Amino acid sequence: MELFPTDLLDRAGELFDRRIRLGVTGLSRAGKSVFIAALVHGLTDPRRFGLLDAVAEDRLRAAVLRPQPHPELPRFPYEEAVARLTGSGGYPDWPPGTRNIAELRLSLRFAPKGGLRSLLGDQVLHLDIFDYPGEWLIDLPLLERDYAGWAEETLALAGTGVRAPLSQPWRDAIATLDPAGPAKETDAIAAARLYTDYLRGCRTHAIPLSRLQPGRFLLPGDLEGSPALTFCPLPRPRETPRGSLWRLMEERFEAYKAKVIRPFFNDHFSRLDRQIVLVDLLAHLAAGPESLEDLGRAMDDILTCFKTGGINWLWPFESRIRRVLFAATKADHLPREGHEPLVGLMDELLQQSVRRTAFQGATARSMAIASLRATREVDVKHEGETLRCVAGVIEPGGKPVAAYPGALPRSLREARGGGRFGAQRFLPPADLGADGQPWPHIRLDGALQFLIGEDLA
């Protein structure tokens, strides 16, 4: 007679199954789709995931994709991303950027390290990966802003640096309007369209800009043309009578918060357990001080989203996120000796934002990663000096090109001094996955250890 019947043990084990919802977002083409594809591919074949304790200790038994946990959400196109990266039917290339929310469930079977759970045999962790645009994250702090303050700040920002010429057509147009005069729908539509053009220009400019609000103006989806997206900042008049253009813009700003931002928070963001924010810090360093400064302000907004602790009546929305990883991507664009300085710059950027936002909440950490390594390190002789370079392919079917990125700045102050850092756009390796080999990466397993390692213990 069995002391504990097998089916009873199986059912008891199910009681210990856990579900972790991991949010994945990023700024300025930082590689969200590549991260998710490489994460899933790597966990299903974890031979190169030695920094994940469950793998190093031989406790990860299997990882399998499962049906969608939420039928109302689109499925992340994992198979299409893999086909694009491996060049199935053509040359390897990067997947298209995130334009909407998507989800994917990966179930991990593992052996617990010890304790009561180990007596019940293998356990299962359901990892629900939630992919969403970084612009939506930067929108969340608008929940505690009013229209007047947001409009004043946004107008002032629009007149600075590279934003000034990009915003000029919109600023010229609203200068002809009377904010205190009667509201006309045609004026609101025209002004909002020019403001959207300005935001799009900021997004595609050679100098990457990150603080672009409202985010749905760039990715409207089924909201395109709706009144919730038909507003923009205006100069505040002395009087704001009912029926005025100012009041119309203010009402639509509040409607955007109520109908767009708050549902995203309630339905999705507040249900996340872990979060990774991918940042192409190298691109901002290459673009110069203005791009880096804009990134710093975007980080302020992002950290505001992870405030927890005591009740804040101006921010009555609390997420359950307890771990946030800020990952500087494309570490493979640097020789290995550049990785530590890259993390140092990310740490400094994060700490400056912490000081400005009085951040208190989730445990935050910085890391330099490459979800998919596209380069190899080579030594190149130049004018009698040996330079440590990275070599990779920069055009479909091309031969490897060696690039010397130069030394990273030693601090953000040095980076903001005007020096430029070189950057290349490497393509995925042509032999990715050949002969069944696991994909190369840099610290992708370390990122997972920080995010979910304790949940696999």
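Entry 1. I began with the lining of the largest pocket, and I sorted its residues by class: 20 are nonpolar, 14 are polar and ten are charged. I note here that the model is predicted.

Entry 2. I then looked up the volume of the largest pocket, which is about 1,100 Å³. I found that 44 residues line this pocket, and that Ser 28, Arg 29, Ala 30, Gly 31 and Lys 330 are the closest to its centre. I also recorded the elements that give two or more residues to the lining: strand 1 (18–27), helix 2 (32–44), helix 6 (134–139), helix 9 (185–204) and helix 11 (281–287).

Entry 3. I turned to the second largest pocket, for which I noted a volume of about 410 Å³. Its lining comprises 26 residues, of which Ala 374, Pro 428, Pro 429, Ala 430 and Asp 431 are the closest to the centre. By class, I listed 15 nonpolar, six polar and five charged residues in this lining.

Entry 4. Lastly, I examined helix 15, which spans residues 444–452, and asked how many of its nine residues are buried. Eight of them are, and I therefore describe the helix as mostly covered, with buried taken as under 20% relative accessible area. The buried residues are Leu 444, Asp 445, Gly 446, Ala 447, Leu 448, Phe 450, Leu 451 and Ile 452.

Conventions: Residues are numbered from 1 along each chain as its sequence is written. This is a predicted model: local features need pLDDT of at least 70, side-chain atom pairs count only at pLDDT 80 or more; totals for chains, interfaces and linings use all residues. Side-chain values use heavy atoms; hydrogens and water are left out. Buried means under 20% relative accessible area, exposed over 50%, partly exposed in between (1.4 Å probe, protein chains only). Helices (H or I, at least four residues) and strands (E, at least two) are DSSP runs, numbered from the N terminus. On a 1 Å grid over the protein atoms alone, a cavity is a set of points where a 1.4 Å probe fits but cannot get out, and a pocket is an open set with protein on both sides within 12 Å along at least five of seven lines; lining residues have an atom within 4 Å of a point. Grid points are joined across faces, edges and corners, and a volume is the space filled by probe spheres set on the points. Ala, Val, Leu, Ile, Met, Phe, Trp, Tyr, Cys and Pro count as nonpolar, Asp, Glu, Lys and Arg as charged, and the others, Gly among them, as polar.
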